Amino acid sequence: MSDQEKKDQSVSGSAFNFRIFLRVLGYAKPYRTVFFLTGLLTMVSAVLTPLRPLLIQYTLDNSIIIPDGELLERMSLIIVGLLFMEAMAQFSHTYMASWLGQSVIRDLRVDIYRKITNFRLKYFDRTPIGTLVTRAVSDIETIANIFSQGILIIIAEILKLVVVVAFMLYQDWRLALICLIPIPVLLFATNVFKNYIKLAFQDVRTEVSKLNAFVQEHITGMNIVQIFNREKQEMEKFETINGRHRDAHLRTVLANSIFFPVVEVLSALAIALLIWWGSREMLNGTVTYGSLVAFILYIYMLFRPIRQLADRFNTLQMGMVASERVFKVLDTDAQIQSSGKGLRPKIKGNLEFENVWFAYNDEDWVIRDISFSVKPGQKIAIVGATGAGKTSIINLLSRFYEYNKGSIRIDGTEIRDFDPAYLSIEVGVVLQDVFLFSDTIFNNITLNNPDISREQVIKAAKKVGAHRFIDRLADGYDFNVKERGGMLSVGQRQLLSFIRAYIYNPSILVLDEATSSVDTETEEMIQEAIEELTKDRTSIIIAHRLATVQHADVIIVMDKGKIVEAGNHQELLKKEGAYRNLYDLQFA
Ligand SMILES: Nc1ncnc2c1ncn2[C@@H]1O[C@H](COP(=O)(O)OP(=O)(O)OP(=O)(O)O)[C@@H](O)[C@H]1O
Ligand SMILES: [Mg+2]
């Protein structure tokens, strides 16, 4: 686990954080009617349940011990009616509480997803994707339990316990005290159980996330595993994690299977005490037959809920831990910074870099004092060894990262001053690694923008010369590329993003050529497409191919974050310098 990950996982150690609790409750505000209604039902069912033993006692003593058919009939109807009301209250309560929980987490999930989509890329360098997925999916699920199984039910159950004890004391305080004798032992056992099972559940969750991460990573990297014949070793690793998961799970089962009989034994003990003492009193005539039966029912209403309360408190606490983690993401300030001017001027396409410095981390300069300019309609190529900082230039221009020093201007305006949404339309970017969603070719090109028609897509595809290869696929434009575009080659994927860029018709085009080698036919298609895309457009092309470099107006040679040479192909060749070396190495 990295330090950052540890920091993300860490939450305050306090058992109950009231501030966070209020914040979670705040999400229930739009649903306050349901919230209060659920609360009301909670109260109603808490009072209704303990009424039953009272009625049974009355019936026993007044219509059975002293036979009275009419009263018995009436009492039976009342008891059935009460049971029915109880059932209704319980049903509505359960349904509404879950509805509340699910509505709250739907809103929370929207918040967190919106937040994550606006984080700048720097944030993702430091935070594992898996962690964010956990926040947006499973942590949030746990928060729903605060409403559906946590807070309201806990209040209901505590209220019920108080009412039961009050009824017992009111009816016969001596019998009540006898029944309560085993309670301290129960409370102690519950506390031990609660702490043990909490740790065991935490272990289960940790092991589950490790299992998920392992399986996901190894299926994605299966080709590496198979190429290097690592199946056996990886299998062993898997078995270890899998075994730990089983052990953690079994610990929760063990705790439950010890604790539940303990509760049963304690309630049996309470009943035994009750009958032992109660029957003697009954002979003396101070206790009725009905109250003995009623107290047996009360004991069941007392002991089981106390046991369940332990689970409920754990649920509540796990929900609070999840909330704290989710709020931490929501409170992260990692948005793309903008000066707030939000300019949207008509762009001619004059691009300037002036003494730009940039580092991903602290003072690890990746771009050092870069200056160059591109006139409207001009095409420049950037070349350089791997790691020279070429892609980083794109990252700055497209505002994925913030440059540290210097200035980048379009038509004389600092790029920070533009409206970010406007800038991303006017500066079209074709990335080195094209990411495709598991969707059709058509949707991957339009990115589900309803304003782009099928005719437009086909026209653009023909223009950039990609229509041929798409047409040859099984379903043409409706071909599903599957996860991350696995069904297409790197060159083909880039052709799709050329179509995307062409349709948006940006004023400035930035293109990072795919590094991997492609077959001659795809190579030709790519050259044709670049030709078409850069026609009369200010363009920066990060070139990995000879044909691309030769067509450029200016070639910039980069090395270790600096510009070492600039000029056109012929000039640079004659210089016999860095370009010549690169040329011989890479292109010749
Ligand atoms: N997200 C990042 N965090 C930290 N360092 C990074 C990050 N991305 C790139 N770097 C570092 O910045 C330097 C320049 O990387 P860059 O991707 O710009 O190289 P490049 O010229 O595009 O290389 P290539 O030709 O292989 O695509 C490299 O040393 C790289 O290790
Ligand atoms: Mg690169």
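This is a predicted model: local features need pLDDT of at least 70, side-chain atom pairs count only at pLDDT 80 or more; totals for chains, interfaces and linings use all residues.
## Helix 8 and helix 10

Helix 8 and helix 10 cross in the left-handed sense, a label used when the near helix is turned anticlockwise from the far one by less than a right angle, with right-handed used if clockwise. Helix 8 covers residues 183–220 and helix 10 covers residues 231–284; their axes come within 9 Å and cross at roughly 160 degrees. That makes helix 8 roughly antiparallel to helix 10. The cut-offs for these words are angles under 35 degrees for roughly parallel, over 145 for roughly antiparallel and 65 to 115 for roughly perpendicular, with the rest called oblique. The contact of helix 8 with helix 10 holds 20 nonpolar, 5 polar and 6 charged residues. In this classification Ala, Val, Leu, Ile, Met, Phe, Trp, Tyr, Cys and Pro are nonpolar, Asp, Glu, Lys and Arg are charged, and the others, Gly among them, are polar.

Residues are numbered from 1 along each chain as its sequence is written, and chains are lettered from A and ligands numbered from 1 in the order in which they are written. Helices (H or I, at least four residues) and strands (E, at least two) are DSSP runs, numbered from the N terminus. Axes are lines fitted to C-alpha atoms, for helices over the stretch in contact, and angles run from 0 to 180 degrees between N-to-C directions.

## Helix 3 and its partners

Let's turn to helix 3, residues 32–64, which packs against helix 4, residues 69–117, at an angle of about 160 degrees with the axes 8 Å apart.

## Two domains

The chain is assigned domain 1 (3–330) and domain 2 (351–587), with bounds that come from an automatic or database domain assignment. The C-alpha centres of domain 1 and domain 2 lie 55 Å apart.

An open sheet of 4 strands runs in the order 2-1-4-5, with antiparallel pairing. Its edge strands, each pairing on one side only, are strand 2 (365–374) and strand 5 (413–414). Two strands count as paired if DSSP finds at least two bridges between them.

Walking across the sheet, strand 1 and strand 2 pair over 6 bridges in the antiparallel sense, and valine 356 stands opposite isoleucine 370 in strand 2. These two strands form a hairpin with 5 residues between them, and aspartate 362 in the turn has a positive phi of about 40 degrees. Strand 1 (residues 351–359) also pairs with strand 4 (residues 405–410), over 5 antiparallel bridges. In strand 4, arginine 409 stands opposite glutamate 352, and lysine 405 faces tryptophan 357. Strand 4 and strand 5 are joined by 2 antiparallel bridges, with threonine 413 in strand 5 as the bridge partner of isoleucine 410. Strand 4 and strand 5 form a hairpin with 2 residues between them, where aspartate 411 in the turn has a positive phi of about 50 degrees.

Another open sheet has 6 strands in the order 6-7-8-3-9-10, and its pairing is mixed. Strand 6 (427–430) and strand 10 (562–567) are the edge strands, each pairing on one side only. On average, neighbouring strands of this sheet are turned by 20 degrees against each other, direction ignored.

Strand 3 (residues 379–384) and strand 8 (residues 538–542) run parallel and are joined by 4 bridges. Isoleucine 382 has isoleucine 542 in strand 8 as its bridge partner.

## Around ligand 1

Finally, the ligand. Ligand 1 is surrounded by 14 residues, of which the closest are Tyr360, Thr386, Lys390, Thr391 and Ser392; a residue counts as near if its C-beta atom, placed from the backbone, lies within 6 Å. Helix 12 (residues 390–397) gives the most to this shell, with 3 residues. By class, the shell around ligand 1 has 3 nonpolar, 9 polar and 2 charged residues.
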